Amino acid sequence: MAAPLASKAGSAGTNSKPPFPELDFRSGARVEELNKLIQEFTKHDQREYDDQRALEIHTAKDFIFSMLGMVQKLDQKLPVANEYLLLSGGVREGVVDIDLDELNVYARGTDYDMDFTLLVPALKLHDRNQPVTLDMRHSALCHSWLSLRLFDEGTISKWKDCCTIVDHINGATNYFFSPTKVADWFYDSISIVLSEIQKKPQRGMPKVEKVEKNGTIISIILGVGSSRMLYDIVPVVSFKGWPAVAQSWLMENHFWDGKITEEEVISGFYLVPACSYKGKKDNEWRLSFARSEVQLKKCISSSLMQAYQACKAIIIKLLSRPKAISPYHLRSMMLWACDRLPANYLAQEDYAAHFLLGLIDDLQHCLVNKMCPNYFIPQCNMLEHLSEETVMLHARKLSSVRSDPAEHLRTAIEHVKAANRLTLELQRRGSTTSIPSPQSDGGDNNQPDDRLAKKLQQLVTENPGKSISVFINPDDVTRPHFRIDDKFF
């Protein structure tokens with residue numbers, strides 16, 4: 001029996017092109033077409049900022065940091081010199097592991113044009129040179145209570161009204177830092193400050209279009225010139241070092257080994273105000289490794305990141321009801337895939353379609369098995385709480401995506417194009433003149449802001465998709481300190 005033509009060509013040692021294009025076995029879609037659709041999605045999803053938009057971004061950031069400086073001065077609760085972590089993308093984009101079911105729905109284009117998440121430490125534990133041991137006796141995995149016994153009497157006195165109180169049999173009183181009470185205090189303080197600011201508006205000051213408390217998150221939408229910017233502000237507890245519960249993770253081999261140092265990865269972590277599904281909302285915080293994730297992101301190839309962003313756009317729309325899967329789950333699966341697969345395979349520039357299909361397969365596998373381990377604490381299953389009905393419903397929805405990925409990509413492209421059209425329409429209706437910063441009186445002081453705008457535009461252009469860490473002293477908000485990954489500006 002004669003061998004097929006393709007086999008004969010292979011046995012002859014030739015590198016001739018296959019007789020037909022590469023196809024996805026499940027859907028029959030052409031891999032080349034999927035790659036082109038992912039590239040088109042990326043083109044529309046990643047926006048370029050001109051000088052005007054860069055200046056508007058700076059003006060909004062300047063306003064937010066000025067506001068936080070005034071919050072600190074209200075009752076001196078926040079640290080005087082604080083270190084914020086500014087992440088590109090809002091909480092709804094999965095940049096931190098916080099439950100989305102308590103958040104109001106905001107849509108890009110309709111409600112905002114750009115979104116950010118700002119982690120603001122309410123407390124800092126930065127003098128620890130050993131693994132940090134947390135009080136997890138009352139909590140689910142990846143969660144903890146926080147006793148103020150770790151702090152001095154002055155801190156306890158400042159924050160005791162934001163604590164739940166537990167009296168022990170021996171007569172001692174223990175104050176547990178309450179995420180819900182801290183969020184209430186933060187929202188009230190921000191509301192007071194914004195009310196004061198708006199009594200004396202300055203030229204060029206952003207318009208506060210919306211201030212809402214979404215669970216334990218404070219969402220602020222600012223109008224600056226022709227831009228609308230969403231800031232999800234998250235009160236957190238900041239730690240230097242690494243939690244003892246995640247110590248075993250460091251013993252394993254990882255995709256970032258040799259690319260970045262362990263010291264960069266384990267420089268710090270947070271407690272964010274999020275509860276487990278059976279935990280006590282007033283007491284329980286969730287461990288967050290957002291600072292580490294900023295570092296790990298540097299080691300992920302651009303083609304995998306493009307596939308991730310496209311997949312995220314698909315699942316945000318498709319799996320929104322009931323809310324069970326968040327983009328953070330997908331991010332965790334991507335990190336696991338980086339550990340599992342060879343680096344030279346993941347570095348292939350024309351494999352975005354393979355990566356997209358693989359992420360969908362991974363997500364469906366996790367749903368069917370009701371198993372999605374936290375990347376840093378693998379013994380924590382982030383899907384454990386879901387019902388069988390919910391996971392099967394979402395698995396069936398993903399099956400429809402896997403059967404026709406090209407059509408779902410086209411839908412995602414249309415959504416992002418529609419959002420961009422709404423943004424452009426607002427820009428046409430809005431101001432086209434230069435926007436001075438909130439501190440400016442509109443005179444010659446605009447010149448430094450123009451230089452800063454050009455610098456910021458350059459940073460954004462050269463670092464697409466990267467998260468920005470900002471160190472700011474609330475007593476001196478005139479000096480910005482940008483850090484993109486490990487570079488300071």
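Val120 is buried, at 1% relative accessibility (buried means under 20% relative accessible area, exposed over 50% and partly exposed in between, with a 1.4 Å probe and protein chains only). The model is predicted, so local features need pLDDT of at least 70 and side-chain atom pairs count only at pLDDT 80 or more, while totals for chains, interfaces and linings use all residues. Residues are numbered from 1 along each chain as its sequence is written, and side-chain values use heavy atoms, with hydrogens and water left out.

Val120 belongs to strand β2 (residues 114-125); helices (H or I, at least four residues) and strands (E, at least two) are DSSP runs, numbered from the N terminus. Beyond residues up to four places away in sequence, Val120 touches partners including Leu68, Tyr84, Phe186 and Ile233, where contact means heavy atoms within 4.5 Å. Leu68 is 52 residues from Val120 in sequence, yet their C-alpha atoms are 8.9 Å apart.

The largest nonpolar core has 116 residues, of which Ile64, Met67, Phe177, Phe186 and Ile220 touch the most other members. Such a core is a set of buried Ala, Val, Leu, Ile, Met, Phe, Trp, Tyr and Cys residues joined through side-chain atoms within 4.5 Å. Helix α11 (residues 352-369) gives the most to this core, with ten residues. A second, separate core of 17 residues includes Val96, Val272, Ala290 and Val294.

Helix α11 itself has 18 residues and spans 26 Å from its first C-alpha to its last, close to the 26 Å expected at 1.5 Å a residue (the expected span being 1.5 Å times one less than the number of residues). Its buried residues, among them Phe355, Leu359, Asp362 and Gln364, pack against α2 (31-45), α8 (302-318), α9 (327-340), α10 (343-346), α12 (388-403) and α13 (405-429). Just after α11, Lys370 takes a positive phi of about 50°.

What about the aromatic rings? Rings of Phe, Tyr and Trp (its six-membered ring) pair if their centres lie within 6.5 Å; planes under 30 degrees apart count as stacked, over 60 as edge-to-face and the rest as tilted. The count by this rule is 21 aromatic pairs. Trp159 and Trp185 form an edge-to-face pair, because their ring centres are 5.1 Å apart and their planes stand at 75°. Trp159 lies in helix α4 (residues 153-159) and Trp185 in helix α5 (residues 179-199), 26 residues apart. Both are buried, Trp159 at 1% and Trp185 at 10%.

Trp159 also has Lys77 over its face, 5.6 Å from the ring centre; a charge sits over a ring if NZ of Lys or CZ of Arg is within 6 Å of the ring centre and within 35 degrees of the ring normal. Lys77 is buried, at 8%, and its side chain meets that of Asp161 in a salt bridge (3.4 Å, N to O). Asp161, by contrast, is exposed, at 52%.

A salt bridge is a side-chain nitrogen of Lys or Arg within 4 Å of a carboxyl oxygen of Asp or Glu, and 24 are counted by this rule. In one of them, Arg410 meets Glu33 at 2.4 Å, N to O, linking helix α13 to helix α2 across 377 residues. Arg291 also bridges to Glu83, with the closest N and O atoms 3.8 Å apart, and both residues are buried.
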